[in-house]
Amino acid sequence: MSTETELILPEDRYFDRDPAQLEIAQHLYGQVRGLPLICPHGHVDPKVFADADYSFGSPADLLIIPDHYIFRMLYSQGIPLEALGIAPRADAPDADAGAAGNAVETDHRKIWQLFADHYYLFRGTPTGMWLNHELYDVFGVRQRLTSATAQSIYDQIAEKLTQPEFRPRRLYERFNIETLCTTDAATSTLADHQAIRDSGWQGRVLPTFRPDALINLTNPDWAAEMDRLRDVCGRDIADYAEFIVALEERRAHFKAMGAVATDHAAATPFTHELSEREATELFDRALQKELDPGDAERFTAHMLMEMARMSVDDGLVMQLHPGSYRNHNRSLFNRFGTDMGADIPLATEFTRNLQPLLNKYGNNPRFHMVLFMLDESTLGRELAPLAGHYPALRLGPPWWFFDSWNGMKRYRELVSETAGLYNTAGFNDDTRAYPSIPARHDLARRVDANWLADLAVRHLITVDEAE
Amino acid sequence: MSTETELILPEDRYFDRDPAQLEIAQHLYGQVRGLPLICPHGHVDPKVFADADYSFGSPADLLIIPDHYIFRMLYSQGIPLEALGIAPRADAPDADAGAAGNAVETDHRKIWQLFADHYYLFRGTPTGMWLNHELYDVFGVRQRLTSATAQSIYDQIAEKLTQPEFRPRRLYERFNIETLCTTDAATSTLADHQAIRDSGWQGRVLPTFRPDALINLTNPDWAAEMDRLRDVCGRDIADYAEFIVALEERRAHFKAMGAVATDHAAATPFTHELSEREATELFDRALQKELDPGDAERFTAHMLMEMARMSVDDGLVMQLHPGSYRNHNRSLFNRFGTDMGADIPLATEFTRNLQPLLNKYGNNPRFHMVLFMLDESTLGRELAPLAGHYPALRLGPPWWFFDSWNGMKRYRELVSETAGLYNTAGFNDDTRAYPSIPARHDLARRVDANWLADLAVRHLITVDEAE
Amino acid sequence: MSTETELILPEDRYFDRDPAQLEIAQHLYGQVRGLPLICPHGHVDPKVFADADYSFGSPADLLIIPDHYIFRMLYSQGIPLEALGIAPRADAPDADAGAAGNAVETDHRKIWQLFADHYYLFRGTPTGMWLNHELYDVFGVRQRLTSATAQSIYDQIAEKLTQPEFRPRRLYERFNIETLCTTDAATSTLADHQAIRDSGWQGRVLPTFRPDALINLTNPDWAAEMDRLRDVCGRDIADYAEFIVALEERRAHFKAMGAVATDHAAATPFTHELSEREATELFDRALQKELDPGDAERFTAHMLMEMARMSVDDGLVMQLHPGSYRNHNRSLFNRFGTDMGADIPLATEFTRNLQPLLNKYGNNPRFHMVLFMLDESTLGRELAPLAGHYPALRLGPPWWFFDSWNGMKRYRELVSETAGLYNTAGFNDDTRAYPSIPARHDLARRVDANWLADLAVRHLITVDEAE
């Protein structure tokens with residue numbers, strides 16, 4: 001047993017304790033733990049690979065300031081975001097409820113100390129499990145992170161981050177990543193991806209086509225995003241037909257740059273096909289900033305149909321991530337912008353909402369859709385039955401709040417009996433916290449080994465089938 | 001441990017591994033495993049019992065072609081239904097997306113081979129567990145079903161199916177069935193049931209009154225079904241009052257033929273009483289094919305109230321199965337018809353929807369209602385509290401997708417603490433796959449024994465109470 | 001193992017069986033089992049403490065007649081409430097479906113016998129676990145309650161209830177209660193609380209401000225409750241502005257009498273701020289009994305905002321208990337009134353409904369809100385993400401039907417990975433069954449010890465962190 005200050009990662013951690021199950025779990029885990037990592041969906045910025053000498057900055061720059069998984073937990077306990085080094089956006093109004101008037105902390109040692117003082121908040125959370133793994137394995141830390149050890153651990157990480165071995169490309173190799181897909185705006189030039197290719201580095205970093213900012217007409221930045229689309233296409237886009245052609249052109253460019261998938265967020269998975277004329281008129285109203293009520297919902301619903309149609313044509317896998325109420329905390333959003341830990345799930349309906357799309361494309365062997373959710377009540381009720389029927393459909397792994405030990409376990413228990421083991425897509429890490437990638441994959445592999453071992457030990461499957 | 005080709009059903013399969021729990025579970029299971037099977041709800045066709053010499057045909061005829069639990073899983077992996085021997089309906093349009101143009105396979109050995117090639121898809125699913133049990137116990141198979149063993153297992157089953165011991169009546173006796181209720185259209189003459197009675201065979205096969213096709217005004221076949229009702233009643237049915245009398249007459253006939261229950265499906269459990277005048281006017285619009293929006297929902301809601309009223313009068317138990325979106329895949333429905341594995345659950349609301357019915361009849365000692373669900377989130381939230389209050393209400397066992405090891409376990413965990421052990425109805429198999437009946441009951445008995453043993457070992461109940 | 005008639009409470013009851021986990025669970029439980037009880041929310045009547053000689057009456061008076069947890073279960077099995085000694089309200093209509101015409105049982109030995117005859121209904125339920133604990137620990141019963149032992153156990157409890165040691169104040173001390181909060185109408189004079197203070201007794205019994213009857217305009221008793229408010233304030237309340245002042249005045253009085261919190265029920269957690277003018281006009285319509293459709297919902301939504309505003313000002317913690325459909329069984333309500341075991345949960349939406357309130361007050365360090373639920377599907381989806389973000393928000397413990405072994409376990413599993421361990425409030429018993437308080441706290445402490453031991457044994461946390 002550990003002393004109270006030593007950081008230890010037991011080899012058999014997280015597994016259930018039944019000796020027979022544990023033995024099988026360790027056997028199965030042993031077979032997959034060293035396999036290369038495939039990261040089909042995530043948010044690592046490609047620029048970190050574009051420059052061979054890219055450095056992550058301080059430990060706070062790497063681990064705290066950009067990671068809303070971490071700072072939302074501290075915020076929930078009353079710690080202002082400014083104290084964690086998070087700066088308001090340039091155009092933020094001066095007087096803002098709650099967080100107003102706080103100076104942004106610039107001393108990264110103080111930020112790190114504050115984080116360490118509250119590290120107990122992450123006990124039993126997946127973020128805590130990933131962080132411990134990351135500190136231990138990536139940075140060689142052997143002490144638990146506490147108020148007392150904060151500064152020495154800061155030193156240790158900061159020293160490591162100066163070494164060439166801690167450049168992103170070197171970590172990519174050390175992490176044994178085989179493929180890493182980024183997420184890129186439809187209007188991106190993919191210049192960073194081009195730079196990676198031009199550099200001759202062998203890492204396989206691929207773009208993913210994400211057109212949300214063009215498809216969501218409630219996006220306050222929509223007109224600016226349309227201008228970016230015109231720029232990147234090098235011509236005017238004056239109507240719906242030209243808009244569709246521009247999107248097809250962008251998809252072709254992404255595909256040429258290695259993309260294998262698209263990605264779509266929407267508050268609901270509502271799909272609905274408009275006639276060419278309806279779509280044209282609605283788009284005209286958007287250009288003239290004269291939307292009617294319901295226009296935005298109907299346009300997103302229609303564009304999801306269009307994206308499926310294009311996927312049939314170009315073969316890009318369509319990923320759909322519905323059900324998040326973004327920027328729920330308006331005063332925080334007004335001050336700091338997006339991704340501040342205030343995206344809250346919504347109850348989601350798939351059976352009726354996806355019917356138009358699945359009816360039109362779900363039987364098509366050229367179409368592949370991966371569906372994610374933030375509403376676990378839909379897993380057994382809607383998603384497993386849909387995936388256990390439509391050939392085009394696979395269920396993505398547990399997403400966001402549910403990418404956790406219990407979340408992954410519940411997912412397996414709720415999905416597998418109806419959809420089987422072969423209608424689910426493999427794990428993805430969905431992270432912008434690059435050094436957490438091995439920890440996330442390791443946790444998922446442990447869950448799966450533990451779950452399969454439980455099936456085997458109860459004779460639901462045999463050990464060779466589990467393998 | 002098994003070799004990799006032998007089919008083994010360990011005596012202690014599925015049970016949890018804690019030795020004390022396992023011992024109690026095996027003890028409890030031992031007390032119930034041999035008890036006769038009571039099958040209060042299912043879809044076995046009574047015609048298989050009407051003829052003493054009825055034969056099931058080939059292994060594919062028996063196990064694959066009629067069973068949407070099986071072919072939906074293969075379809076979800078891209079195998080056309082035609083390749084599994086499933087024929088489009090006679091009036092199917094010629095050109096149909098996806099599945100169009102495939103020839104219907106007529107070689108049952110090829111169908112069986114295709115099934116065996118993909119048998120791994122059923123790993124860890126209840127269908128796979130039932131099938132293994134059925135192959136082992138009913139047909140004496142001792143090899144795992146794989147591509148390599150497919151043809152020899154086909155031979156073995158085909159040979160068995162020619163034997164007199166494998167006629168449906170003989171299996172009924174061998175399965176130790178005490179009562180088997182079928183599901184019969186309200187317009188059925190019950191000729192098969194009459195033939196069973198006339199034959200002098202002692203099996204207890206009882207009809208169940210299912211009037212959905214008459215009550216659901218969106219049924220495209222409604223007018224034809226009304227004609228069948230006129231035929232079976234031997235007179236015209238020109239208005240709502242005569243319709244009600246006809247239904248009462250049919251229920252009386254079913255009861256005279258041994259029926260103990262009725263069965264009702266509906267997209268939602270919405271109940272609402274119309275005035276006599278409203279009902280009459282609405283029914284007139286249905287006869288004239290001039291329904292107003294909402295008429296169909298209101299009529300179903302009203303007829304559920306009427307069915308409860310009739311149950312008070314005639315004592316038939318009212319079974320309600322709400323929450324399935326039938327024939328979700330329209331192109332598949334257009335080509336093949338109903339029951340193609342594309343019925344998808346819907347989120348369901350019981351608290352408000354059932355209030356009119358429960359308020360009027362839920363306190364009546366002459367009324368008995370068994371409620372099923374396809375939305376597990378309602379179990380702890382709505383159904384257990386309702387069943388733990390209204391005397392008329394019992395919860396049916398986990399239905400369809402949830403009639404599985406984990407589904408039954410979750411059901412017990414979500415229901416029992418609020419509703420107790422005595423407000424739930426016993427297991428039913430709800431199956432049209434006749435030879436799977438013993439396997440389904442065995443799995444349910446194992447779940448219950450395992451669950452009770454867990455309560456006992458944690459001293460939540462004592463062993464004698466568990467018994 | 002117990003004989004079949006002895007009542008035994010094993011020391012290690014309810015815990016999981018893995019030896020390592022069990023040892024840690026017992027260790028952790030040992031550290032908390034003897035701690036004083038803090039009861040921040042419940043429904044014990046303060047009058048039982050106001051009079052030093054208050055007696056509970058018969059065993060049926062204490063344990064059956066006032067406890068809807070118990071009689072609802074017997075009612076669900078067809079036992080009339082009258083047979084359990086429950087009297088119709090004075091103004092109940094004579095002829096009532098189902099339960100009508102039954103004489104109210106007045107022989108408490110017969111009521112107790114009927115209860116004992118059906119005591120098996122509580123097997124595996126939390127009510128059964130509490131009752132066994134209570135019989136064993138509070139009343140020294142050593143026989144299981146059955147038909148055969150009913151009368152001797154009745155004698156034993158009745159004899160105890162005559163002793164001075166079984167006066168409420170003496171039990172308060174014996175139970176080791178540190179603080180007990182009651183729930184009091186906003187219009188209460190708090191005379192019982194004043195009597196407790198005046199008596200010099202040292203028990204800490206505090207009032208809680210519950211204004212539902214004034215805020216819910218659909219309350220049939222609303223006008224009478226407004227008159228009570230006028231009485232207790234000693235002046236007329238003629239408009240909205242005066243209503244708000246009166247509520248602020250009542251809150252100040254409650255606070256002066258020791259209150260630390262307010263409590264609010266609502267069918268939904270819908271919040272919405274009205275303008276001063278809208279609120280004034282709506283309130284005028286209420287006074288004139290001319291409400292428009294939607295007025296009641298909008299007024300409750302607005303008043304929740306107002307209650308949050310007042311909490312910021314006076315520091316009372318705001319407790320919200322939404323999602324119960326009260327008095328679902330109308331004929332039972334008409335005959336017996338409220339709290340008859342017919343309050344049924346509703347599916348609940350928090351993300352959109354609470355946004356106005358959380359946006360305005362959720363970042364305010366002076367505001368503290370404790371949120372309860374009756375819809376477990378919201379735990380992982382909405383409540384944990386909200387509590388893991390907004391500083392003002394804490395999640396209350398599992399409420400009502402979910403205050404059970406499995407309910408508390410699911411709560412921990414669904415909430416902790418997202419919200420962490422520090423965004424939940426401690427246990428409360430929410431009970432009107434005073435002698436069940438130690439049993440309820442003991443069960444909750446066992447669940448938590450068991451759950452933490454599971455985390456520890458799987459190395460998700462270390463043992464010292466669990467402590």
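Good morning. The structure before you is a predicted model, in which local features need pLDDT of at least 70, side-chain atom pairs count only at pLDDT 80 or more, and totals for chains, interfaces and linings use all residues. Residues are numbered from 1 along each chain as its sequence is written, chains are lettered from A and ligands numbered from 1 in the order in which they are written, and side-chain values use heavy atoms, with hydrogens and water left out.

B:H68 has its place in helix α4 of chain B, residues 68–75. Helices here are DSSP runs of H or I with at least four residues, strands are runs of E with at least two, and both are numbered from the N terminus. Which residues does B:H68 touch, not counting residues up to four places away in sequence? They are B:D339, B:M340, B:G341, B:W400 and B:R432. B:H68 counts as buried, at 7% relative accessibility. Buried means under 20% relative accessible area, exposed means over 50%, and partly exposed lies in between, with a 1.4 Å probe and protein chains only.

B:M369 is found in strand β10, residues 369–371 of chain B, and is buried, with a relative accessible area of 1%. Not counting residues up to four places away in sequence, B:M369 touches B:M318, B:L320, B:L354, B:L357, B:A392, B:L393 and B:R394. B:M369 and B:A425 are 56 residues apart in sequence, yet 9.9 Å apart in space, C-alpha to C-alpha.

B:A286 belongs to helix α13 of chain B, residues 276–287, and is buried, with a relative accessible area of 7%. Leaving aside neighbours within four places in sequence, B:A286 is in contact with B:L217, B:W222 and B:L291. Of these, B:L217 is 69 residues away in sequence and 7.1 Å away in space, C-alpha to C-alpha.

I turn now to the helices. The expected span is 1.5 Å times one less than the number of residues. After α19(B) comes B:H459, whose phi is positive, near 60°.

Helix α1 of chain C, residues 19–32, may be examined in the same way: its 14 residues should span 20 Å, and its end C-alpha atoms are 20 Å apart, in agreement. Which residues of α1(C) are buried? They are C:Q21, C:L22, C:I24, C:A25, C:L28 and C:Y29. Seen down the axis of α1(C), the buried residues fall within an arc of 165°, so they line one face of the helix. The arc is that of the directions from the helix axis to the C-beta atoms. An α-helix has 3.6 residues a turn, so residues three or four places apart point the same way. The buried residues of α1(C) pack against α19 (437–457) and α20 (463–466) of chain C. The face turned away from that buried side carries the exposed residues C:P19 and C:E23.

Next, the strands. Two strands pair if DSSP finds at least two bridges between them. In chain A, three strands form an open sheet in the order β1-β2-β4, with parallel pairing. The edge strands are β1 (37–39) and β4 (205–206) of chain A, each of which pairs on one side only. Strand β2 of chain A, residues 177–181, pairs with β4(A) in the parallel sense over two bridges, and A:L180 stands opposite A:V205 in β4(A).

In chain C, strand β6 (residues 261–266) and strand β7 (residues 317–322) pair in the parallel sense over six bridges. The bridge partner of C:T262 in β7(C) is C:M318. Five of the six residues of β6(C) are buried, so this strand is largely enclosed by the rest of the structure.

Finally, the chains together. A rotation of 120° with 0.0 Å of shift along its axis superposes chain A on chain C, with an RMSD of 0.0 Å. That is the relation of a three-fold axis. The copies use different surfaces: 2% of the contact residues of chain A recur in chain C. Copies are superposed by least squares on the C-alpha atoms of residues with pLDDT of at least 70 in both. Of the residues of chain A, A:S377 comes closest to the rotation axis, at 3.6 Å (C-alpha).

Definitions and conventions
Contact = heavy atoms within 4.5 Å.
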